[in-house]
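Subject: Structure handover

Hi there,

Here is the structure I promised to pass on to you. Have a look at it first, and then read on for what turned up.

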Amino acid sequence: MAQFHVDGYRPGDPFVTDPRPAVAIGPRPLPETTDVLVVGAGPAGLVLAAQLANFGDLDTVVVDRRDGPLEVGQADGVACRTVEMFEAFGLAGRLIDEGYRVNEVSFWRPDPERADEITRTGRIPDVEDGLSEMPHLIVNQARLLAHLRDHMARAPRRPEPFHGLELRDLDLDGSADHPVTATLTHTATGATSTIRARYVVGCDGARSSTRAAIGRRLVGDAANQSWGVMDVLVDTDFPDIRLKSAITSAEGSILVVPREGGYLVRLYIELDNDRDAEVLRSRSVSPEHLAEVANRILHPYRLEVRHVGWWSVYEVGQRLCDRFDDVPHEDSDRLPRVFIAGDACHTHSAKAGQGMNVSMADAWNLGWKLGAVLRGRSRPELLRTYTAERQRVAQELIDFDREFAAMFGAHADPADADPEKFQRYFCEQGRYTAGFGVRHGPSMITAADPAQHLATGFEVGTRFHSAPVVRLADARPMHLGHVARADGAWRLYLFADRDGSALRAVCDRLTTTVRRFTPTDAEPDAVVDVRAVFQQHHHDLAVPDLPEVLRPRRGRFAVVDHEKAFCPDPATDDVFDLRGVDRDRGALVVVRPDQYVAHVLGLDGHDALEAFLGGVMLDAA
């Protein structure tokens with residue numbers, strides 16, 4: 001939930017962070033230097049830029065080879081976990097209001113009695129109950145990027161992408177303050193420019209120039225299956241055209257994905273390597289041909305395309321880089337200076353809806369780490385965890401996608417004794433496709449030996465699973481996880497013991513901990529943000545009675561922030577029960593800036609907390 005007016009009331013849009021921007025608005029020349037050069041203004045590049053834009057003391061330059069922002073087409077599925085991430089930017093509400101909400105999925109197979117016709121074999125919820133408060137959405141990628149650019153336009157720094165610039169080469173000088181020199185080509189004229197950066201991140205797609213410049217390459221399966229994709233308005237008698245539908249017949253497979261707005265639909269259509277060989281070889285596939293294939297698969301239903309908004313043909317192949325940075329190998333002492341993210345380091349099929357989501361998750365993982373190191377708040381070794389965490393996630397995605405694509409594309413046999421096999425597989429993998437399959441292993445930012453038994457529902461290494469609470473100060477029902485912003489702060493959630501005495505004792509010590517890592521010119525919660533959840537009803541507590549660390553003074557007028565304490569929501573399930581928090585002892589849950597649980601400690605574990613944070617952060621002094 002956004003907070004504003006801390007420095008006094010001012011008219012206008014309260015979500016514009018500073019009406020006096022730190023950088024100039026409008027056309028400007030490419031600067032000579034920057035803290036971070038982001039190559040590519042797609043989903044990964046703009047999530048990274050949006051995160052860095054929130055740090056008013058950092059410069060970010062974004063370049064993109066396109067001549068302007070994306071307008072139509074490409075990826076569209078926004079997983080529940082991604083919507084949670086967008087909530088940290090204050091954008092989840094916009095996505096939910098605009099997008100198509102995927103509620104159910106239907107499955108179609110050949111009719112056992114009429115092998116040349118299809119019949120519905122099942123219909124299931126798209127996401128299991130309780131997995132997230134956020135829905136699975138379908139939103140045009142161009143609109144999603146527009147929302148990110150809008151966020152950047154309101155942020156403390158306001159980097160506008162430079163279009164028509166393509167990375168040509170990188171040169172690394174380890175002794176320089178800005179050690180990476182990027183040579184850029186102006187696509188319209190062929191002229192070149194250079195810019196020196198402290199770090200470079202390549203979010204420039206499967207044909208990444210950044211990847212080539214650091215000597216990495218994608219390795220994996222050759223493409224052996226082609227699919228057509230169309231965003232269309234159709235006239236059809238297929239009954240599930242407004243449901244996400246997985247259709248497999250003896251003629252091939254189709255994935256139906258309804259689009260936002262109530263009329264448009266996306267069709268992923270399998271092309272047969274034998275029957276469609278000629279058009280594939282001659283690259284003469286057309287929307288008309290795709291519609292013909294779709295009608296073969298959908299029989300006895302018909303589908304007439306009235307309008308094509310966008311279409312393309314892509315090949316399925318799973319490929320992966322061995323590292324996502326420029327460090328030669330895992331045992332090297334050198335710290336990374338160049339990173340790659342998204343399709344630049346992993347490619348796979350589109351049917352599981354993971355490509356754009358995993359790409360943005362790469363950037364979400366890297367952005368706060370770059371910010372923390374560049375601002376002198378964390379040790380530079382933190383940047384090594386990016387490849388360590390995200391390459392493993394990408395490998396798991398490749399393995400999953402290979403199995404998912406093979407199962408989805410397998411032609412259905414009407415005599416199959418188990419026609420619901422794919423439906424069961426879809427259910428079993430639902431947690432993964434919703435974006436919740438990530439579990440980070442032990443590292444400097446993920447504890448190896450947590451007191452997990454004190455809060456079993458906040459599993460270390462997984463994303464912080466939000467739950468309903470009531471804010472103490474104003475009795476507002478809300479989700480606890482929604483207090484987290486994309487501001488680079490670590491969060492300590494203190495779940496009180498039964499009488500609250502242990503919580504109050506640790507709060508007295510946390511005041512010193514917070515000051516240890518917080519610069520004197522920063523807000524008191526800018527680095528470590530402490531929140532508390534009490535067991536009592538919110539009528540039985542008062543903000544003035546809270547410990548000092550839960551009543552920080554903020555802004556130039558040093559006014560009290562009243563929004564740090566919460567209680568269970570009496571209208572729904574108790575957060576302590578939902579997340580398995582020990583009522584007698586309470587728990588201290590440490591959450592990283594990217595919303596992943598880093599540690600679970602007892603309320604008496606202050607020394608262990610200090611040691612853990614001290615291994616990541618630098619003392620402010």
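Predicted model: local features only at pLDDT ≥ 70, side-chain atom pairs only at ≥ 80, totals over all residues.

Let me begin with a loop: Pro 300 sits between α7 (287-298) and β17 (303-316).

Two other loops have a backbone feature to look at. Ala 558, in the loop between β25 (553-554) and β26 (559-560), has a positive phi of about 50° although it is not a glycine. Gln 595, in the loop between β28 and β29, is likewise not a glycine and has a positive phi, near 75°. Are these two residues buried or exposed? Ala 558 has 35% relative accessibility and so counts as partly exposed. Gln 595 counts as buried because its relative accessibility is 9%, and the cut-off for buried is under 20%.

Three strands form an open sheet in the order β3-β7-β4, and their pairing is antiparallel. Its edge strands, β3 (77-78) and β4 (100-101), each pair on one side only. Between β3 and β7 (residues 137-138) there are two bridges, and Gly 77 has Ile 138 of β7 as its bridge partner.

Helix α2 (residues 80-88) is mostly covered, with nine of its nine residues buried. After α2 comes Gly 90, with a positive phi near 75°.

α8 also turns up in the core. The largest nonpolar core has 112 residues, and Leu 370, Trp 490, Phe 534 and Val 590 touch the most other members. α8 gives this core its largest share, 10 residues. Leaving out residues up to four places away in sequence, Leu 370 touches Val 36, Leu 48, Leu 52, Tyr 199, Val 201, Phe 339 and Leu 383. Another core, of 24 residues, lies apart from it and includes Leu 454, Phe 458, Val 581 and Val 600.

What does Ala 489 contact, neighbours within four places in sequence aside? The partners are Asp 525, Ala 526, Val 527, Asp 529, Arg 592 and Pro 593. With Asp 529, the separation is 40 residues in sequence and 6.4 Å in space, C-alpha to C-alpha.

Last, a helix pair. The axes of α12 (residues 501-517) and α14 (residues 606-614) come within 11 Å and cross at roughly 15°, which means that the two helices are roughly parallel. The crossing is right-handed. From α12, the contact involves residues including Val 506, Arg 509, Leu 510 and Phe 517, and from α14, residues including His 606, Leu 609 and Leu 613. The buried residues of α14 include Phe 612 and Gly 614, and the buried part of this helix packs against β23, α12, β28 (587-591) and β29 (597-601).

Notes
Residues numbered from 1 in each chain as written. Heavy atoms only, no water. Pairing = 2+ DSSP bridges. Helix = DSSP H or I, 4+ residues; strand = E, 2+ residues; numbered from the N terminus. Buried < 20%, exposed > 50% of the residue type's maximum accessible area, 1.4 Å probe, protein only. Core = buried A, V, L, I, M, F, W, Y, C linked by side-chain atoms within 4.5 Å. Contact = heavy atoms within 4.5 Å. Axes fitted to C-alpha atoms, helices over the stretch in contact; angles between N-to-C directions. Parallel < 35°, antiparallel > 145°, perpendicular 65-115°, else oblique. Left-handed = near helix turned anticlockwise from the far one by under 90°.
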